[in-house]
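Morning, everyone. Please have the structure open on your screens. I'll walk you through it in a few minutes.

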Amino acid sequence: MKLAEEAGILLQTEKDIFASVVKDMDELIRIIGDDADISVNVTGITLKTEEFELFLKEMAEKNPDKCNHITIELTEQATLKIDDEFISRLQRIRDMGYRLAIDDFSMGNTSIKYLESNVFSKIKLDGVLSRHVVTNERSQEIVSTLAKMSKGFNIDILAEYVETEQQKEFLKESKCDMIQGYYYAKPMPIEEFEERYKELEKKDMD
């Protein structure tokens, strides 16, 4: 993304990625059903532009049955200026039907301030916290505190970079709603994902 920004093609690149996700939603809904949900990282630089908002509106109007299956993850929030104009833009995007999430959430003032806007439905813990949650007491305390706080705001909390059984068990005990990482699977093509999903379904039935 940094290279795309330096080359002046960041906005178009993120629009192309988003359009590709919308196209793939047909397959994901076919495989998973109405519970299908996919997250798309979008940089704050792009999300603050009027052009991208209009693009999202056009995509929602052309694909009204897909946008509510898509979560837009705001990245690089620490560098963003949080003002009324940006919050209003996020509210309009949410009203189009998209879900909004905060990526790399921690105890920083910027992350906490986003919760006041009441436009986000999910927060993703900073990966450093998830990685060290078994061995670092401070990480454990922060994760537990954030999990309790998210419940008060009625926001789901997701832990990423989960690779071990010990991590998974602690995060479940800490009331994290969702867990993501190599413990379950590595990134894969959609064809391979379908096979993996069928295996998991069969395992659950057995």
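I'll take the sheet, then the pocket, then the aromatic rings.

One thing before we start: this is a predicted model.

Let's begin with the sheet. How many strands form it, and in what order? Six strands make an open sheet, and the order is S1-S2-S3-S4-S5-S6. The pairing is parallel.

Now look at the edges. Strand S1, residues 38-43, stands at an edge, and so does strand S6, residues 178-179. Each has a single partner strand, so one side of each is left without a neighbour in the sheet.

Start from S1. S1 pairs with strand S2, residues 70-75, in the parallel sense over six bridges. Find Ser-39 on your screen. Opposite Ser-39 stands Thr-71 in S2.

Move along to strand S4, residues 122-125. S4 has a parallel pairing with S3 over three bridges. Here Phe-105 stands opposite Leu-125 in S4. S4 also pairs with strand S5, residues 156-159, again in the parallel sense and over three bridges. There, Lys-124 stands opposite Leu-158 in S5.

Are the residues on the two faces of S4 buried or exposed? Both faces are covered. Lys-122 and Lys-124 are on one side, and Ile-123 and Leu-125 are on the other. All four are buried.

Next, the pocket. The largest pocket has a volume of about 1,900 Å³. Its lining counts 40 residues. Which of them lie nearest the centre? Asp-37, Ile-179, Gln-180, Gly-181 and Phe-193 do.

Several elements supply at least two lining residues each: helix H2, S1, strand S3, S4, S6 and helix H10. So which one gives the largest share? Helix H10, with eight residues.

Last topic: the aromatic rings. A search of the whole structure turns up six aromatic pairs. I'll show two.

Here is one of them: Phe-18 with Phe-55, an edge-to-face pair. The ring centres are 6.0 Å apart, and the planes make an angle of 75°. This pair links distant parts of the chain. Phe-18 is in helix H2 and Phe-55 is in helix H4, 37 residues apart. Phe-18 has a relative accessible area of 0%, so it is buried. Phe-55 also counts as buried, because its relative accessibility is 10% and the cut-off for buried is under 20%.

Now the other pair, and back to Phe-193. The partner of Phe-193 is Tyr-197, with ring centres 6.0 Å apart. Their planes are at 35°, so this pair is tilted. Both residues lie in helix H10, four residues apart, which is about one turn of the helix. Phe-193 is at 25% relative accessibility, so it counts as partly exposed. Tyr-197, at 21%, counts as partly exposed too.

There is also a cluster. Phe-18, Phe-52, Phe-55 and Tyr-98 form one aromatic cluster.

Finally, charges over rings. Lys-48 lies over the face of Phe-86, 5.2 Å from the ring centre. Arg-131 lies over the face of Tyr-161, at 4.0 Å from the ring centre.

That's my tour. Over to you.

Methods
Residues numbered from 1 in each chain as written. Predicted model: local features only at pLDDT ≥ 70, side-chain atom pairs only at ≥ 80, totals over all residues. Heavy atoms only, no water. Pairing = 2+ DSSP bridges. 1 Å grid on protein atoms, 1.4 Å probe; cavity = no way out; pocket = protein on both sides within 12 Å on 5 of 7 lines; lining within 4 Å. Points joined across faces, edges and corners; volume = space filled by probe spheres on them. Buried < 20%, exposed > 50% of the residue type's maximum accessible area, 1.4 Å probe, protein only. Phe/Tyr/Trp six-rings, centres within 6.5 Å; stacked < 30°, edge-to-face > 60°. Lys NZ or Arg CZ within 6 Å of the ring centre and 35° of its normal.
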